[in-house]
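Here is a short briefing to read alongside the model. Have a look at the fold below, and then we can walk through a few of its features together.

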Amino acid sequence: MPIALIRAREKVMGPIREMLSNSGLTEQQWRILRVLEELGPLDSTKLSENASLLLPSQTRIVQTLVEKGLVTRQADPSDRRRQTVAITPAGQKIILDNLDEAKRLAIHIETVIGKEKVDQLLDILEEFDRL
């Protein structure tokens, strides 16, 4: 099963990596932008969990995104040890610029394997997430 999941991930991520190469983003940077765009500002721990990244990696990636002007990072006023990360308008523009292609890739997968199977797969993956 692990190998099958890795193969499936690569089938999905290959075209996404191609899409991202035009934007100068890595897939991990894309995941952080997508999570922030979808969920809004998050503290570093929640961002790490939602982007499926280890906290030290996420911290390094966020620093790169801050330097690119795609996210901001601010200390929490009530707890200076915590930081909140938010997407900037420039980060949102990258999401918007790639949205049509990302949708096209999702539609392609749905066309190939069928909407019902995609829905089943998402349900099963949600169950795995709860393990």
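In which helix does leucine 122 lie? Leucine 122 belongs to helix H6, and its relative accessible area of 47% makes it partly exposed. Please keep in mind that this is a predicted model, with an average pLDDT of 93 for the protein chain.

**Confidence**
- In the protein chain, 100% of the residues score at least 70.
- Helix H2 (residues 27-39) has the highest confidence, at 96, while strand E3 (residues 79-87) has the lowest, at a mean of 89.

**The nonpolar surface patch**
- Leu122 is one of the residues in a nonpolar patch on the surface, together with Met1, Leu5, Leu121, Ile124, Leu125, Phe128 and Leu131.
- Together these residues have about 820 Å² of accessible area.
- Helix H6 (residues 115-129) gives the patch its largest share, five residues.

**The nonpolar core**
- The largest nonpolar core has 24 residues, and those touching the most other members are Ile32, Leu33, Leu36, Leu47 and Leu65.
- Two or more core residues come from each of helix H1 (2-21), H2, H4, E3 and helix H5 (89-113).
- H2 supplies the largest share of this core, five residues.
- Beyond its neighbours within four places in sequence, isoleucine 32 is in contact with Leu47, Ala51, Leu53, Gln58, Ile61, Val62 and Leu65.

**A loop residue to look at**
- Serine 52 sits in the loop between helix H3 (44-50) and helix H4 (55-67).
- Its phi is near 55°, a positive value in a residue other than glycine.
- Serine 52 counts as exposed because its relative accessibility is 61%, and the cut-off for exposed is over 50%.

Technical notes:
Residues are numbered from 1 along each chain as its sequence is written. This is a predicted model: local features need pLDDT of at least 70, side-chain atom pairs count only at pLDDT 80 or more; totals for chains, interfaces and linings use all residues. Side-chain values use heavy atoms; hydrogens and water are left out. pLDDT is the predictor's confidence in each residue, from 0 to 100. Helices (H or I, at least four residues) and strands (E, at least two) are DSSP runs, numbered from the N terminus. Patches are made of residues with over 30% relative accessible area and no salt bridge: like charges are joined within 9 Å, nonpolar side chains (Val, Leu, Ile, Met, Phe, Trp, Tyr) within 5 Å. Accessible areas come from the Shrake-Rupley method with a 1.4 Å probe; for residues, only the protein chains shown count as cover. A salt bridge is a side-chain nitrogen of Lys or Arg within 4 Å of a carboxyl oxygen of Asp or Glu. Buried means under 20% relative accessible area, exposed over 50%, partly exposed in between (1.4 Å probe, protein chains only). A nonpolar core is a set of buried Ala, Val, Leu, Ile, Met, Phe, Trp, Tyr and Cys residues joined through side-chain atoms within 4.5 Å. Contact means heavy atoms within 4.5 Å.
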